[in-house]
Amino acid sequence: MIEELRNKARELLKTKQVEAVIGYQRASDGLSAIPCVIRSEEEAGRLIWDAACVYNLCGYLKDFRAKKLGIVAKACDVRAMIVLISENQLNRDDVFIIGMECCGVVDEKRARVSGRDGSDISSADKCKSCASCVPLAYDCLIKEKREKAKVSEDADKDKYEPVRKLEAKSLSEKSKSWKDEFKRCIRCYACRQVCPMCYCPRCVADQFMPVWFSKAGGIEGNFSWNVARAMHLAGRCIDCGECERACPVGIPLRDINRKIEKDIKELFGYEAGMKTDAKPFLACFDKNDPEDFIK
Amino acid sequence: MPALIKMTLRILLNRVKTDTLLKKNMTKFIKKEDLYKLLNSFLKDFEIIGPKQIANKGIFYEPLESIEDLYLGELFAIEPAKKFFLESSECLFHSGFLDGKATVQDAPLPDKRRIIIGLRPCEAKGLILLDKVFDSEYKDRSYINNREKSVIVGLACAKPDKSCFCTSMDGSPTGSRGMDVLLFAVEDGFIVEIYSDKGKEAFSSLGKEPDEHQNKTLSAYKQKRSELIGKNFKVPGDLSPIFESDYWDKVSFPCLSCGVCTYLCPTCHCFELVDEGRKMYRCNDGCAFSNFTLEASGWNPRPTKKERYRQRVFHKFDYFKKIFGENLCVGCGRCIRHCPVKMDISEIVSNAPSGAGK
């Protein structure tokens, strides 16, 4: 599978179909992956593909606007690209998607927290509720050689079960538990930087006239930052789980994202990045949309 | 030459203050339950801060309400103990009006003494490096107060992580620099080395002299731990010839421009000042952020991650070394462990091209 990927990258670079290929190479620890950009045929041997390739590489596309690029992408990464295309942030003709059939990636975060090296850690949580191992769109597909590429046994289960559990809590319980979570936030903005959907040239959190989310004293700033981040992803988040993975202090950010995702799915039947020709969620008003939740 | 004289003076001024250090280290042996009993008895006079294991999140330094929560195991805390000395957000002063006149008042300093337990040798060394900035020519009242009020009780590393590289930064998993007391976890308790008056005051009353067997264990422990550090490299003496190199473009590609590495670093100390009502706060800031050097005119001298990542490396391994004589890095490996895209500063520095050019 890796050779197939490398050959494809070589071919794309040789025939000048792309200027560079964004992919994964081995990190210094010999086990994890690190994003890399391949600009020549000789470098293509550095590309790797395995369960350590956790990152969503779409964010790097904005470093190369208006250039023709190849990108190594899993099913969830392609969902992100579909949203970016629908929001006019990416031109479909500018990317050559090397789709990878994916059986789930490792839970790199759990490995880090428990001090293990990751080789004995099962799939990431996001993979457990993922139903598709083949990307929705691609220019070429590199198939998994293993017997049956299936992401997860749990895919058919109710994937919003954790969200329902949260919803069942009382208002004061919810408030307390989120305050406990957000007091740890160090405002490193890793969640924003790693998010493929956070592409604003100037984030509202970086504005200081006025300051919207103060870093000074108390947790109010942390609270509003985390809530605003999630709300800006309403109808756009494709649950790649990168924010939660990147968060160094372990705030369960996916829970907030998925609560919004679930509401939108139940109310409007919309799922971000699942149809290549869909309009952005907030751009598709329909007069039959339910409005009984507006009070 | 004046620059050189100034530099030498600075280095002299910044030498560790030896007056508080004991002439001869004291070594003791304490059983685990005795140590916990002792710490319990400190709870009413001291604030006790130590690592605590939090499910699904990892290890965090927190003020402990009960000594039972104290975690003295192998895993490393995610945030360094730096946050108790250089707080992530801290009120410096507040202004007001009194009898028709404008007043400015310094924020009150906490006066409760505290014991910070479980610091690793790399973090304690980080405090010595911060002293060079906040307790030398410029005296930072709140930082110095935090330092004076704290007894540092370290814990020698039992099992270094694969991202640790303290030995390449002139440190050691059993180093005593910056410690008042250092604990070595051995089979049935802790061997305790006491280095300072502060440490002696708190810890000399307990335990007994270690026997010969325990002394042997201690010296074997010290030797073995350094050998467990997998990463070993030499920092290039002078990075300035490669300032303009393409190398920085290449290695900074994966960087997300987030603040994980700077905020979790035991030595990074950049900050910004934030007005909040009539209070002036000092808050964490980091050179990896794109708006760190953004000027009011709209011009940004470090517009891309290449310049920003290079700044981080140069501050640590070039500028600071030229002024204070050592690297602004203790090799704790946090920036490697927690980097969302697994960038490795040790690899980047050790592979830096030696000459000018590409």
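Guide: Domain bounds here come from an automatic or database domain assignment. Keep in mind that this is a predicted model.

Visitor: Got it. Which domains does the assignment give for chain A?

Guide: Domain 1 of chain A covers 2-142, and domain 2 of chain A covers 161-283.

Visitor: And what separates their centres?

Guide: Taken over C-alpha atoms, the centres of domain 1 and domain 2 of chain A are 24 Å apart.

Visitor: How many residues are in contact between the two?

Guide: On the domain 1 side of chain A there are 22 residues, in contact with 23 residues of domain 2 of chain A.

Visitor: What about the area buried between them?

Guide: About 2,100 Å² is buried between domain 1 and domain 2 of chain A, and carbon and sulfur atoms give 54% of that.

Visitor: Let's switch to charges. How many salt bridges does the rule find across the interface?

Guide: The rule finds one between domain 1 and domain 2 of chain A. As for salt-bridge pairs, E87(A) forms one with R236(A), with 2.7 Å between the closest N and O atoms.

Visitor: Which elements of domain 1 give two or more residues to the side that touches domain 2?

Guide: In chain A, those are helix 2 (75-86), helix 3 (108-114) and helix 4 (125-128). Helix 2 of chain A gives the most, with seven residues.

Visitor: Nice. How do the residues on that side divide?

Guide: The side of domain 1 of chain A that touches domain 2 of chain A has ten nonpolar, four polar and eight charged residues.

Terms used. Residues are numbered from 1 along each chain as its sequence is written. Chains are lettered from A and ligands numbered from 1 in the order in which they are written. This is a predicted model: local features need pLDDT of at least 70, side-chain atom pairs count only at pLDDT 80 or more; totals for chains, interfaces and linings use all residues. Side-chain values use heavy atoms; hydrogens and water are left out. Contact means heavy atoms within 4.5 Å. Buried area is the accessible area (1.4 Å probe) that two parts lose on being put together, summed over both. A salt bridge is a side-chain nitrogen of Lys or Arg within 4 Å of a carboxyl oxygen of Asp or Glu. Helices (H or I, at least four residues) and strands (E, at least two) are DSSP runs, numbered from the N terminus. Ala, Val, Leu, Ile, Met, Phe, Trp, Tyr, Cys and Pro count as nonpolar, Asp, Glu, Lys and Arg as charged, and the others, Gly among them, as polar.
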